[in-house]
Amino acid sequence: MCMRDSSGVQNESPQRLRRLLGAAHEAGLQVALHAIGDAAVRHALDAYAATGARGSIEHAQLMRREDLPRMAALGITASVQPAHLLDDRDVTDVLWADRAERSFMLASMLAAGIPLAFGSDAPVSPLDPWLEMAAAVHRSGDARPAWHPEEAIGAQAALRASTGGRLVPADGDVADLAIVEDNPLAPAADTAETGARLRGMRVWATFLAGRPTHGPTAC
């Protein structure tokens with residue numbers, strides 16, 4: 001997203017968005033729609049509402065608060081990359097100083113009932129789910145205080161957002177598993193301690209469809 005003043009570049013008109021989402025919906029496709037700023041997210045929600053399409057908004061980095069319940073009612077997933085807040089907090093405080101508190105509104109999204117899914121946006125940021133979770137929980141990657149800590153979420157919510165809503169496997173699940181060396185949900189003195197634990201999490205073994213892919217039993 002290239003910046004001009006405090007506004008982004010609109011790559012598609014609202015009319016074309018509706019045509020594209022309508023075509024995807026008619027074809028039975030789920031949509032992943034890229035929108036970062038509050039105006040872009042509003043156009044995206046308008047297109048979903050007008051077409052009945054289903055899917056996600058990728059990034060949803062800045063939103064108007066009145067759009068939160070509408071997004072929840074539409075059942076649209078917020079596909080967010082929390083580690084971006086570590087890189088973007090300073091520029092946000094300059095370019096979006098009047099709306100920085102509405103950036104990465106993770107706690108508000110959950111409170112509104114919006115499905116939340118985390119990703120890395122690699123190679124833009126590291127392919128590290130633990131970094132994403134740490135950023136969501138503590139909202140700081142250095143010695144500075146958490147950035148707008150009122151929008152932080154707990155470790156359990158961050159883990160759910162990283163695992164399709166599941167914390168433990170159940171009968172019938174695809175056996176894509178990771179075994180880690182520490183408990184990501186262990187009690188901590190504060191969010192800084194939890195964030196440090198998550199950032200330092202070591203994976204002991206992984207399985208893909210039940211097949212060992214990393215660790216002592218992997219071939």
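Predicted model: local features only at pLDDT ≥ 70, side-chain atom pairs only at ≥ 80, totals over all residues.
Biologist: Which residue is the bridge partner of Leu208 in S7?
Modeller: Arg211. S6 and S7 form a hairpin with two residues between them.

Biologist: What is phi of Ala209 in that turn?
Modeller: About 55 degrees, a positive value, in a residue other than glycine. Ala209 counts as exposed because its relative accessibility is 60%; the cut-offs are under 20% relative accessible area for buried, over 50% for exposed, and partly exposed in between (1.4 Å probe, protein chains only).

Biologist: In what order do the strands of the open sheet come?
Modeller: The order is S5-S6-S7, with three strands and antiparallel pairing. S5 and S7 are the edge strands, each pairing on one side only. From one strand to the next the twist averages 25 degrees.

Biologist: How many bridges join S5 to S6?
Modeller: Four, between strand S5 (residues 177-180) and strand S6 (residues 203-208). Ala178 stands opposite Thr206, and Ile179 stands opposite Ala205.

Biologist: Switching to helices: at what angle do H6 and H8 pack?
Modeller: About 175 degrees, with the axes of H6 (residues 129-138) and H8 (residues 191-199) 8 Å apart. That makes H6 roughly antiparallel to H8. The labels are roughly parallel for angles under 35 degrees, roughly antiparallel over 145, roughly perpendicular from 65 to 115, and oblique for the rest. Axes are lines fitted to C-alpha atoms, for helices over the stretch in contact, and angles run from 0 to 180 degrees between N-to-C directions.

Biologist: Which residues of H6 and H8 make the contact?
Modeller: Among them are Trp130, Ala134 and Val137 of H6 and Thr191, Gly195 and Leu198 of H8. Contact means heavy atoms within 4.5 Å.

Biologist: Ala134, then: buried or exposed?
Modeller: Buried, with a relative accessible area of 1%. Leaving out residues up to four places away in sequence, Ala134 touches Arg139, Gly195, Leu198 and Arg199.

Biologist: Which residues have the most contacts inside the largest nonpolar core?
Modeller: Ile57, Met109, Leu116 and Phe118, in a core of 43 residues. A nonpolar core is a set of buried Ala, Val, Leu, Ile, Met, Phe, Trp, Tyr and Cys residues joined through side-chain atoms within 4.5 Å. Beyond four places in sequence, Phe118 touches residues including Val80, Pro82, Leu106 and Ile153.

Biologist: And Asp38, what does that touch?
Modeller: Leu62, Met63, Arg64, Arg99 and Arg102, with residues up to four places away in sequence not counted. Asp38 lies in helix H2 (residues 38-51) and counts as buried, at 9% relative accessibility.

Biologist: Last one: which residues does the cis peptide bond join?
Modeller: Ala122 and Pro123, with omega at about 10 degrees. Pro123 sits in the loop between strand S4 (116-118) and H6. Asp121 is found in the loop between S4 and H6 too; its phi is positive, about 60 degrees, although it is not a glycine. Asp121 is partly exposed, at 29% relative accessible area.

How values were computed: Residues numbered from 1 in each chain as written. Heavy atoms only, no water. Pairing = 2+ DSSP bridges.
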